[in-house]
Every structure is written in structure tokens, then in C-alpha cells.
Amino acid sequence: MIYLRRSGSGFTIGNGDVGFLEQEARRALDRGETVELHIDGLPWRPVTTPAEVSDVLHELYDELDARRDALAESDQLPLLGDAS
């Protein structure tokens with residue numbers, strides 16, 4: 001999940017829909033708010049332009065995708081002592 005934090009709200013939005021998060025971030029920037037993006041295990045990343053919003057969201061999504069792939073691969077490995 002990708003998290004979005006903006007200065008106009010005391011809430012953090014968490015969502016897996018990059019398009020939704022991009023719209024929310026762009027609207028906040030249009031209103032003059034500060035916007036930060038984040039995924040678990042990485043620091044908050046401030047974004048200041050619509051192009052930067054898009055770039056950072058796609059980087060974060062790619063990181064989440066890589067984590068999912070790594071987790072799926074580790075689930076498929078046989079456990080030690082489980083060889084038949």
C-alpha cells in the first residue's frame with residue numbers, strides 16, 4: 001500500500017490505486033498544500049510538482065511490486081528438511 005500525507009488534512013490516505021493517489025496529490029498541490037508519499041520501510045518523500053507526483057508514485061509502486069515478487073518466490077522455496 002502507498003500512503004499519502006498532505007498538509008491540509010490530519011489524515012494519511014493509504015491506497016493501492018496509483019491513479020486515485022495521483023489525483024489526490026495533484027488536487028492538494030493545486031490548493032497549495034504540501035504532499036508526501038511513503039511505503040512501509042522507506043522514508044516519506046515530499047513531492048512538489050505533478051510530474052514528481054507521477055514519478056514517485058510509479059517508483060513506489062515498482063518497489064511494492066518487487067517486494068510482492070520476492071515474497072511469492074520465497075513462498076515457493078521448499079523448507080529445509082522437507083525434500084522428498
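## Strand pairing and helix packing in a predicted model

Ile2 stands opposite Asn15 of strand E2. This pair belongs to the antiparallel pairing of E1 and E2, which extends over four bridges.

**Overall architecture**

Two helices and four strands make up the secondary structure of the chain. Their order along the sequence is β-β-α-β-β-α. Of the 84 residues in the chain, 26% are buried. Among contacts with a separation of 6 or more, 48% join residues 24 or more positions apart.

The four strands form an open sheet, arranged in the order E2-E1-E3-E4 with antiparallel pairing. Strands E2 (12-15) and E4 (45-47) stand at the edges; each has a single partner strand, so one side of each lacks a neighbour in the sheet. From one strand to the next, the twist averages 25 degrees.

| Strands | Bridges | Residues standing opposite |
|---|---|---|
| E1 and E2 | four | Ile2 and Asn15 |
| E1 and E3 | four | Arg5 and Glu36 |
| E3 and E4 | three | Leu37 and Arg45 |

A further bridge links strand E4 to Val35, whose partner there is Val47. Strand E3 itself covers residues 35-38.

Two hairpins connect strands within this arrangement. E1 is joined to E2 by a hairpin through five residues. The hairpin of E3 and E4 has six residues between the strands, and within this hairpin Gly41 takes a positive phi near 90 degrees.

**The start of the chain**

Met1 lies in the segment before E1. The C-alpha atoms of Met1 and Gly14 are separated by 6.1 Å, although the two residues are 13 residues apart along the chain. Leaving aside residues up to four places away in sequence, Met1 touches Gly14, Asn15, His38, Ile39 and Leu64. One of these, Asn15, is also the residue opposite Ile2.

**Helix H1 against the sheet**

E3 and E4 complete the sheet through their three bridges. H1 packs on the sheet and touches E1 (2-6), E2, E3 and E4, with its direction at about 10 degrees to that of E1. Helix H1 spans residues 18-30 and includes Glu24. Beyond residues up to four places away in sequence, Glu24 touches Leu4 and Ile13. Glu24 has a relative accessible area of 15% and therefore counts as buried, the cut-off being under 20%.

**Rings and charged side chains**

Across the whole structure, the search finds zero aromatic pairs. The charged end of Arg5 sits over the ring of Trp44, at 4.0 Å from the ring centre. Arg5 is also the residue that stands opposite Glu36 in E3. In a second case, the charged end of Arg68 sits over the ring of Tyr61, at 5.5 Å from the ring centre.

Notes: Residues are numbered from 1 along each chain as its sequence is written. This is a predicted model: local features need pLDDT of at least 70, side-chain atom pairs count only at pLDDT 80 or more; totals for chains, interfaces and linings use all residues. Side-chain values use heavy atoms; hydrogens and water are left out. Buried means under 20% relative accessible area, exposed over 50%, partly exposed in between (1.4 Å probe, protein chains only). Contact means heavy atoms within 4.5 Å. Two strands pair if DSSP finds at least two bridges between them. Axes are lines fitted to C-alpha atoms, for helices over the stretch in contact, and angles run from 0 to 180 degrees between N-to-C directions. Rings of Phe, Tyr and Trp (its six-membered ring) pair if their centres lie within 6.5 Å; planes under 30 degrees apart count as stacked, over 60 as edge-to-face and the rest as tilted. A charge sits over a ring if NZ of Lys or CZ of Arg is within 6 Å of the ring centre and within 35 degrees of the ring normal.
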